[in-house]
Structures are given as structure tokens and as C-alpha cells.
Amino acid sequence: MKITKLKYLLFALFLTLSNISDAQNNIWHNKKLYEYKSFGDENLTIKMVSNFKSITVNDEFTVMVCFLVKDGWNTYSTKENPNYQALSLTFDLPTGLKMVEQQWSSPQISTSETGETKEIYTGEFYAKYTFKFMSDKFAGSSLQIKAQSSWQCCNTNLCLLGESSLELTLGIGKKVKSGVFKNIPDKL
């Protein structure tokens, strides 16, 4: 009897620690994320954050675009399809800022009753961009990173289109970490 109870307590402790670990790796559970402006609409919340608050010339830095789809809804992946509007995210980069790499979370595959497959996102997903700042003309100023996003969110009864302008301002001059995300994996 005592061994069974001990096994149960160890299992419960393991689950608790696993959940804590998952929450620490989840950007949406980071309180600092809520210091950033929200974009999107009631079905899709978007935040654009960087691993640095301020950068210097020739720095590489990461920008995460964090998406949160409302429970019971989904949005489509970036893969074009004539039957729905794919998610799009287009950056308008200032002079001296170069995109080095981009990655997206892997979408889920959904199969309809007719056998059509779609790539969708539900819950939380991310787009990770690496940029390099190569201009000293902004020294002592700030750098605005702007993007446009559009999407289609659906639930079982309804599909709605949405769009939003996103922006993020970074200081220029001294390299200062933001603390928003610490353990971002190399690959999403």
C-alpha cells in the first residue's frame, strides 16, 4: 500500500515538474511578453518581440512573431490554397536591416470529410526571424520594424478574414537584452 502511494506521489511530482518546464519554454507564459503591444483581432492575437531591447551596428538579433488562436478556432498555414486565405506576414524593413533566416512552427494537417487536407494552426504558434543590423546611420536613435499580416480564422460554423499592421521599436546604441524569451530552440 505504501509503495503504491509513493509511486503515485512521484508520478504526480513528475507531471507537475513537466508542466512547469513546458510553461517555462512557452513564450505566452512569460510575463514580460505582456509588456508588448498586442495586434490582431479577437480570434487571433499577435505579438512581435525581440531578444534585445536595444542593438548595435553589425548585431544579429531574433524577432519572434507569437500567434495565439482563440480556443475552438483555427487559422491556415502560409501555404497558398485557392479554397482559403493563407496566413501571410510581410516585413517592410528599413535601410540597413537584412533578414538572415526565417522559420515557422510546423502546422497541423487537417483532413475534411471530403478528404481534402489543409495545413492549419490552433492554439499557439510562432514565426522566428533572424535579422542583421548593418547601418550606423541610426546610431543613438531607434529602429522600427514593421510588418503586415493577414489571415482567415475559422470555427465549425464561420470563417472570418483579418489583417493587422505590426510594429516593434528597438533602441540603437547599446546592446540590451529584453528577457522576453530565454530558451528559444534553434529550430521551431
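**Close-up views of a predicted model**

**View 1. The side chains of lysine 47 and serine 38 meet in a polar contact at 2.8 Å.** In this predicted model, lysine 47 belongs to strand 2, the run that covers residues 44-50. Lysine 47 is buried, because its relative accessible area of 2% falls under the 20% cut-off.

**View 2. An open sheet is built from 5 strands in the order 1-2-4-10-7, and the pairing is antiparallel.** The edges of this sheet are taken by strand 1 (39-40) and strand 7 (97-104); each has a single partner strand, so one side of each is left without a neighbour in the sheet.

**View 3. Strand 7 is joined to strand 10 in the antiparallel sense, with 7 bridges between the two.** Strand 10 comprises residues 124-133, and within strand 10 tyrosine 129 is the residue that stands opposite glutamine 102. Strand 7, which spans residues 97-104, has a single partner strand, so one of its sides is without a neighbour in the sheet.

**View 4. Leucine 68 and threonine 45 lie 5.1 Å apart in space, C-alpha to C-alpha, although 23 residues separate them in sequence.** Leucine 68 is part of strand 4, which is formed by residues 60-69. With a relative accessibility of 29%, leucine 68 is classed as partly exposed, because this value lies between the 20% and 50% cut-offs.

Key: Residues are numbered from 1 along each chain as its sequence is written. This is a predicted model: local features need pLDDT of at least 70, side-chain atom pairs count only at pLDDT 80 or more; totals for chains, interfaces and linings use all residues. Side-chain values use heavy atoms; hydrogens and water are left out. Helices (H or I, at least four residues) and strands (E, at least two) are DSSP runs, numbered from the N terminus. Buried means under 20% relative accessible area, exposed over 50%, partly exposed in between (1.4 Å probe, protein chains only). A polar contact is a pair of N or O atoms within 3.5 Å; within protein, one must be able to donate a hydrogen and the other to accept it, and residues adjacent in sequence count only if both atoms are side-chain atoms. Two strands pair if DSSP finds at least two bridges between them.
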